[in-house]
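Hi,

Here is the structure I promised to pass on.

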Amino acid sequence: MNNITLLYFGSFNPFHIGHAAIAKFVAELPWVDELCFVLSPKNPLKESNCLQDATMRWNDLQRVVEKLQKETPIKISATDIEFNLQPPLYTYNTLERLKELFPDKKFALLMGGDNIAIIEKWYKGLEIVEKYPVLVYPRKGFDTEALCKKYGAIFVDAPQIDVSSTQIRNLENEGKDASHLRY
């Protein structure tokens with residue numbers, strides 16, 4: 001693999017230090033030329049009642065990209081392509097649209113072990129792992145290496161930081177400070 005644009009899909013609700021640690025780790029891989037965050041306004045497999053406004057998340061992601069650009073050796077970008085696609089927003093459809101828009105780019109996906117564990121529930125999930133390189137970082141509670149072998153994905157031993165967007169939202173809903181977990 002060479003000259004890869006690695007796509008990191010997510011709701012980033014909110015973006016946190018774990019997301020940043022993974023982004024910085026993959027930015028050091030020699031064959032990754034660009035890391036592009038793909039902000040999903042609504043994940044079809046998750047409830048949306050706890051989602052912050054998509055425009056607010058997009059604005060925050062722009063701030064994150066600026067900060068990461070100063071800290072990583074590769075190009076960091078973000079796209080709001082899913083804001084302009086017809087729902088439901090399936091990763092497969094987004095990938096196909098990106099291929100149409102950028103036929104000269106080689107795309108790969110970055111996901112956690114929790115996502116590869118449910119890839120068969122995704123719309124055309126098995127086609128995704130057949131058509132695109134999929135890099136998978138470990139997530140607590142999942143045998144990520146075994147899942148990578150099962151689906152032909154690439155295990156990346158990125159750092160595991162025990163933080164989640166849900167945890168941040170819960171702390172903040174309780175009136176507690178979670179700023180140290182945000183990026």
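I'd start with helix α1, residues 17–27, which is mostly covered: 8 of its 11 residues are buried. The buried ones are Gly-18, His-19, Ala-20, Ala-21, Ile-22, Ala-23, Val-26 and Ala-27. They pack against quite a list of elements, namely β1 (4–10), β2 (32–39), α2 (54–69), β4 (106–112), β5 and α7 (165–173). Before you go further, keep in mind that this is a predicted model.

Now the nonpolar cores. The largest has 30 residues, and Phe-15, Leu-35, Phe-37 and Leu-110 have the most contacts inside it. Two or more residues each come from β1, α1, β2, α2, β4 and β5. Apart from this core there is another one of 23 residues, with Leu-95, Leu-109, Ile-119 and Val-136 among them. As background, nonpolar side chains tend to be buried together in soluble globular proteins.

Leaving out residues up to four places away in sequence, Phe-15 touches Ala-20, Phe-37, Asp-60, Leu-61, Val-64, Leu-68, Arg-182 and Tyr-183. Keep Arg-182 in mind, as that residue comes up again with the salt bridges.

On to α7. Its buried residues are Ser-165, Ile-168 and Arg-169. Seen down the helix axis, they fall within an arc of 95°, so they line one face of α7. Part of what covers them is α1. After the helix comes Gly-175, with a positive phi near 80°.

With a relative accessibility of 13%, Ser-165 counts as buried because the cut-off is under 20%. A polar atom of the Ser-165 side chain lies 2.7 Å from the backbone oxygen of Pro-14. Setting aside neighbours within four places in sequence, Ser-165 is in contact with Asn-13, Pro-14, His-16 and His-19. Of these, His-19 is one of the buried residues of α1.

Which of its residues are buried? Thr-144, Leu-147, Cys-148 and Tyr-151 are. They cover an arc of only 100° around the axis, which puts them on the same side of α6. That goes with the general rule that an α-helix has 3.6 residues a turn, so residues three or four places apart point the same way. The face turned away from the buried side of α6 carries Lys-149 and Lys-150, both exposed. The cover over the buried residues of α6 includes α4 (113–116), α5 (125–131), β5 (134–137) and β6 (154–155). Gly-152 follows α6, and its phi is positive too, near 70°.

A word on cysteines, in case you were wondering: a search of the whole structure finds 0 disulfides. Cys-36 is buried at a relative accessible area of 9%, and Cys-148 is buried at 3%.

Last, the charged pairs. How many salt bridges does the structure hold? There are 11. These are the ones I looked at:

- Glu-71 and Lys-24 meet through their side chains at 2.9 Å, N to O. Glu-71 sits in the loop between α2 and β3 (75–79) and Lys-24 in helix α1, so this pair ties together parts that are 47 residues apart in sequence. Glu-71 is partly exposed, at 38%, and Lys-24 is partly exposed as well, at 31%.
- Glu-100 and Arg-97 also form a side-chain salt bridge, at 2.9 Å, N to O. They are 3 residues apart in helix α3 (residues 91–101), so about one helical turn separates them. Glu-100 is exposed at 54% relative accessibility, while Arg-97 is partly exposed at 32%.
- Arg-182 and Glu-172 are joined by a salt bridge of 2.9 Å, N to O. The pair links distant parts of the chain, with Arg-182 in the segment after α7 and Glu-172 in helix α7, 10 residues apart. Arg-182 counts as partly exposed at 32% relative accessibility, and Glu-172 is partly exposed at 32%.

Cheers

Methods. Residues are numbered from 1 along each chain as its sequence is written. Side-chain values use heavy atoms; hydrogens and water are left out. A disulfide is a pair of cysteine sulfur atoms within 2.5 Å. Buried means under 20% relative accessible area, exposed over 50%, partly exposed in between (1.4 Å probe, protein chains only). Helices (H or I, at least four residues) and strands (E, at least two) are DSSP runs, numbered from the N terminus. The arc is that of the directions from the helix axis to the C-beta atoms. Contact means heavy atoms within 4.5 Å. A polar contact is a pair of N or O atoms within 3.5 Å; within protein, one must be able to donate a hydrogen and the other to accept it, and residues adjacent in sequence count only if both atoms are side-chain atoms. A nonpolar core is a set of buried Ala, Val, Leu, Ile, Met, Phe, Trp, Tyr and Cys residues joined through side-chain atoms within 4.5 Å. A salt bridge is a side-chain nitrogen of Lys or Arg within 4 Å of a carboxyl oxygen of Asp or Glu.
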